[in-house]
Amino acid sequence: MMSYPVSLHLQGKKCIVFGAGTIAQRRVQGLLQASAVVTVVAPESKPTCWEHTTLTYLQERYHPELLTDFFLVFAATNDPVINAQIVRASQEKGKLVSTVTTDQTSTADFSLPACRRSGAVTLAITTEGTAPALATAIGNALLPELTNYENLCPCIDALRRTWKETIAEKEQRMQLFRQITTPEALTLFREQGKDAYLQYAAQCSGTEWTKKTAILVVSFGTAYAETRKQTIGAVEWTIKKAFPKADVFRAFTSQKIVHRMRQMGIAIDTVSESMECLKRMGYTQVFCQPTYLVPGREYERLCADLEVWKNAFFQFSIGEPLLSQMEDYPLLIQALEKSGIITHSETDLYLLVGHGTSYVGNLAYLALEDWLKHSGYSNVLVGTLGGYPTLEMVLKQLNQKDYSNVILIPMLLVAGKHVQQDIAGKKPDSWKSVLERNGYSVTVRLQGLGAFPAIQRLYLAHLQKIAADISG
């Protein structure tokens, strides 16, 4: 009896897996990748592989009442008798059920084929249960072919949206799709790449292929309107002037700030919302430039969030934070000099205060301080609010120097909450208060780095590395 192949969309759907062994773990992994809401039931303790996974784990034995609320059921215990009971009970309740047990007395509703994925391309192979090992072998053999076409999907998707707007006749569009997916057209893509393929598609349709470009500037964000305009807005404006052929958009990564601004009636998107919008609006190439200072956890999370979009566009790239490569440090010091943020002085000590992080990216602050020393800035120290060096460490260094005047400078894009409260605030534990209690005369410069044109141009230079072909 032949099976009927389908591809299920399980986002938000409740699925339950009975068992916690190797096969059950594979089932759970696939369900989580499909954004299903997963519950696992097994008598043994929760496996360590699920310690940091978003799922519900019930350490108990199977009983039929557990089946009530679920869309899909997976019987994956190591007991064939229990698996058979799960299949029968599920079918009695009208649930779709799969089992790892081959049992002629209890036929499951569906089985899982051997799957191989590359980007948006998924290959599923089944031998109707007669030779599962062969299905796996076929999938492994064909996987290299899938990777050849991984980047073809966003090309065809861009053409589909363009032709839907410009070609009224559906049959004409279908004929074009048949033409650009012939063996000869696919060979052209593999051998000569995207541009040659898109030019061929344009010739077939009698139209000119044009790229629609978006630049997404991603910031942590601030709810302070004036400093937002002077810093984040200024960086975005510098980018707009340099890339007149592209549309520039804004996204914030702080959920709290996004929520607060929406309460104030100010529309602002998260990164995921921005990407969905850009896809919907038909952009074919997207360049994302973060305004972070160092490649910390925030940047790592951003890259992880954007990973799912890498094949959604004809071209997609992510720029680096301000201090990512070795050559970034002297360029930043030159920008600080040019902006008048730091100067050589025998009476004033400049203290650059960054956010800091527990992540390895915090090493960038230590590297910057070392570069400053080698650049002759013995009167400049670097500290962090939540990383290393701490304020206590900075005080020890200050005590070894002969300075009575300290100029506090936020090493942050915006002069928001951290500057107003943690650096310049009146509370006893602010940096200004602590330094003054230690006998120093303190001046705080309430301006984020994003307000300085020289710093803005550094972010622009990072973006130009990944989007040079759309300049001018």
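These are my notebook entries on a predicted model of one protein chain.

**Ground rules**

I number residues from 1 along each chain as its sequence is written. Because the model is predicted, I take local features only at pLDDT of at least 70 and side-chain atom pairs only at pLDDT 80 or more, while totals for chains, interfaces and linings use all residues, and side-chain values use heavy atoms, with hydrogens and water left out.

**The whole chain**

I started with the overall picture and found 18 helices and 15 strands in the protein chain. Helices (H or I, at least four residues) and strands (E, at least two) are DSSP runs, numbered from the N terminus.

Next I looked up the radius of gyration, taken over C-alpha atoms. The protein chain has 29 Å, whereas a compact globule of 472 residues would have a value near 23 Å; the globule rule is 2.2 Å times the number of residues to the power 0.38. Along the principal axes, the C-alpha atoms fill a box of roughly 90 × 65 × 45 Å.

I then checked burial and found that 46% of the 472 residues count as buried. Buried means under 20% relative accessible area, exposed over 50%, and partly exposed in between (1.4 Å probe, protein chains only).

For contacts (heavy atoms within 4.5 Å), I took those between residues at least 6 apart in sequence, and 65% of them join residues at least 24 apart.

**A five-stranded sheet**

I followed an open sheet of five strands in the order β3-β2-β1-β4-β5, with parallel pairing. Two strands pair if DSSP finds at least two bridges between them. At the edges I found β3 (56–59) and β5 (96–99), each with a single partner strand, so one side of each is left without a neighbour in the sheet. From one strand to the next, the twist averages 15°; axes here are lines fitted to C-alpha atoms, for helices over the stretch in contact, and angles run from 0 to 180 degrees between N-to-C directions.

Strand β4 (residues 72–75) pairs with β5 in the parallel sense over four bridges.

T39 is buried, with a relative accessible area of 10%. Leaving out residues up to four places away in sequence, T39 touches C15, I16, V17, T56, L58 and F70.

**Helix α10**

Which residues of helix α10 (residues 255–263) are buried? I found I257, V258 and M261. Seen down the axis of α10, these buried residues fall within an arc of 100°, so they line one face of the helix. The arc is that of the directions from the helix axis to the C-beta atoms.

The cover over the buried residues of α10 includes α8 (225–230) and β9 (247–252). On the face turned away from the buried side, I saw the exposed residues Q255, K256 and Q263. Just after α10, G265 takes a positive phi of about 85°.

**Strand β13**

My last stop was strand β13 (residues 380–384), where five of the five residues are buried, so the strand is largely enclosed by the rest of the structure. V380, V382 and T384 are buried on one side, and L381 and G383 on the other. Strand β12 (residues 348–354) pairs with β13 in the parallel sense over five bridges, and Y350 has V380 as its bridge partner in β13.
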